[in-house]
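Hi everyone, thanks for coming along. I'd like to walk you through one model today, so please have a look at it first.

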Amino acid sequence: MELLLLSWILVLPMNFKYFLIVPTILFTIISCDMVVDVDLPDVPEKLVVNCLFATGEPLKVYVNHTVDILYNSDSTSIVENAVVRLYGDDTLLGTIPNQGQGVYMNETLIPLPGVRYRIVVSAPGYDDVWAEDTAPEPTAIDSIDFDILTYFDSEGIEYHRTGILFSDDPYSENHYEVIFQCFDTKYDYFFSYGPRNDNDRVLTNEGDELFYSKICVFSDELINGQQYWLRIIDTRKIWEKKYKINLMTTSETMYKFRKSWIRHDYAKNPDILNPIEPVTLYSNINGGYGIFAGYSNSAYYINFYDEK
């Protein structure tokens with residue numbers, strides 16, 4: 001059938017020949033089925049520990065375990081019987097109890113900047129895992145320049161310009177992240193979203209726009225020890241009264257994790273014409289997977305209208 005069809009195609013005019021050859025070849029490829037048996041090796045399950053801790057706030061830890069690629073989606077990866085211990089500068093500060101659904105938190109354990117924290121997690125049937133990190137001192141927001149005027153990009157998307165003035169510490173290598181929050185009066189809650197680069201040289205130097213990043217992370221590589229206006233844009237319409245701008249000074253560990261997340265998230269959506277190699281998330285959990293990293297936050301609140 002396929003040979004007869006191809007012979008018939010060859011006698012057609014040139015401009016029509018390719019019109020039929022392409023769908024014919026695609027049909028041939030799509031219609032070919034091959035069953036391949038793959039003998040997947042047994043891989044022991046490992047603990048997955050995730051904790052991005054902020055100074056001044058209770059430390060919250062999520063404990064799960066790895067699952068087989070063919071695992072039943074109805075099953076759970078939550079680990080409810082883990083023992084989570086926290087050390088500060090090699091001194092045991094206490095254990096972190098399970099609050100349910102694999103969330104471990106102790107309201108009395110409040111991280112401080114400059115302290116080297118180590119977390120150790122144990123659970124029956126798994127190897128112990130551990131990680132260390134230190135949250136840096138916060139970086140103050142010196143000023144905010146929020147342009148309430150509405151602008152439109154080349155695709156007609158509305159946005160507003162924002163400038164954040166801060167002073168980088170010249171005596172350390174620093175890493176940052178900016179998050180916007182809008183107060184939803186209906187739910188009495190601040191929800192978070194990421195701003196975008198407004199042709200800022202520091203953000204452009206990070207190269208994250210290539211991955212359509214919605215996360216605004218950067219280092220002080222170009223601005224060490226300088227006072228700097230970071231230029232970003234907010235693509236949300238101004239419809240609420242309260243906004244919160246967060247300048248997070250992160251550890252290098254958190255910076256590396258967030259950079260890998262940008263690339264990992266982008267690689268989750270490949271297509272036939274744009275194949276993308278999977279990107280492994282950065283992890284500092286020894287003996288397992290996940291992240292344990294700290295940051296300090298400086299917040300700036302904007303009220304557009306008087307409360308009634």
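**A loop residue and its partners**

Let me begin with Asp208: setting aside neighbours within four places in sequence, its contacts are Ser213, Val217, Lys259, Ile262 and Arg263, where contact means heavy atoms within 4.5 Å. Asp208 sits in the loop between helix H3 (201-206) and strand E15 (216-219). Helices (H or I, at least four residues) and strands (E, at least two) are DSSP runs, numbered from the N terminus. With a relative accessibility of 6%, Asp208 counts as buried. On that scale, buried is under 20% relative accessible area, exposed is over 50%, and partly exposed is in between, using a 1.4 Å probe and protein chains only.

Before I go on, a word on what you are looking at. This is a predicted model, in which local features need pLDDT of at least 70 and side-chain atom pairs count only at pLDDT 80 or more, while totals for chains, interfaces and linings use all residues. Residues are numbered from 1 along each chain as its sequence is written, and side-chain values use heavy atoms, with hydrogens and water left out.

Now the overall picture. The protein has 4 helices and 18 strands. Of its 308 residues, 41% are buried. Taking contacts between residues at least 6 apart in sequence, 65% join residues at least 24 apart.

**Helix H4**

Next comes helix H4. Does its length agree or disagree with what its residue count predicts? The helix covers residues 252-267, so its 16 residues should span 22 Å at 1.5 Å a residue, and the 23 Å between its end C-alpha atoms agrees with that. The expected span here is 1.5 Å times one less than the number of residues.

Which residues of H4 are buried? They are Thr253, Met254, Tyr255, Phe257, Arg258, Lys259, Ser260, Ile262 and Ala267.

Tyr255 is buried because its relative accessibility is 15%. Beyond its neighbours within four places in sequence, Tyr255 is in contact with His175, Glu206, Phe218, Ser219 and Thr250. Tyr255 and Tyr176 are 79 residues apart along the chain, and 7.4 Å separates their C-alpha atoms.

**The largest pocket**

On to the empty space. Rolling a probe the size of a water molecule over the atoms shows where empty space is left. A pocket, on a 1 Å grid over the protein atoms alone, is an open set of points where a 1.4 Å probe fits, with protein on both sides within 12 Å along at least five of seven lines; lining residues have an atom within 4 Å of a point.

The largest pocket has a volume of about 550 Å³, counted as the space filled by probe spheres set on the points, with grid points joined across faces, edges and corners. Its lining has 21 residues, and the closest to its centre are Leu52, Ala54, Glu57, Met248 and Tyr295. Two or more lining residues come from each of strand E1 (47-54), strand E2 (59-65), strand E12 (175-184), strand E17 (242-250), H4 and strand E18 (289-303). E1 gives the largest share, 5 residues.

What is the lining made of? It divides into 11 nonpolar, 5 polar and 5 charged residues.

**Two loops with positive phi**

Most residues other than glycine have a negative phi, and most peptide bonds are trans. Asp89, in the loop between strand E3 (83-88) and strand E4 (91-96), has a positive phi near 50 degrees. Asp89 is partly exposed, as its relative accessibility is 43%. Asn199 also has a positive phi, of about 55 degrees, and lies in the loop between strand E14 (196-197) and H3. Asn199 is exposed, with a relative accessible area of 73%.

**Cysteines**

Last, how many disulfides are there? The count comes to 0, taking a disulfide as a pair of cysteine sulfur atoms within 2.5 Å. Cys51 is buried at 1% relative accessibility, and Cys216 is buried at 4%.

Notes: Nonpolar A, V, L, I, M, F, W, Y, C, P; charged D, E, K, R; others polar.
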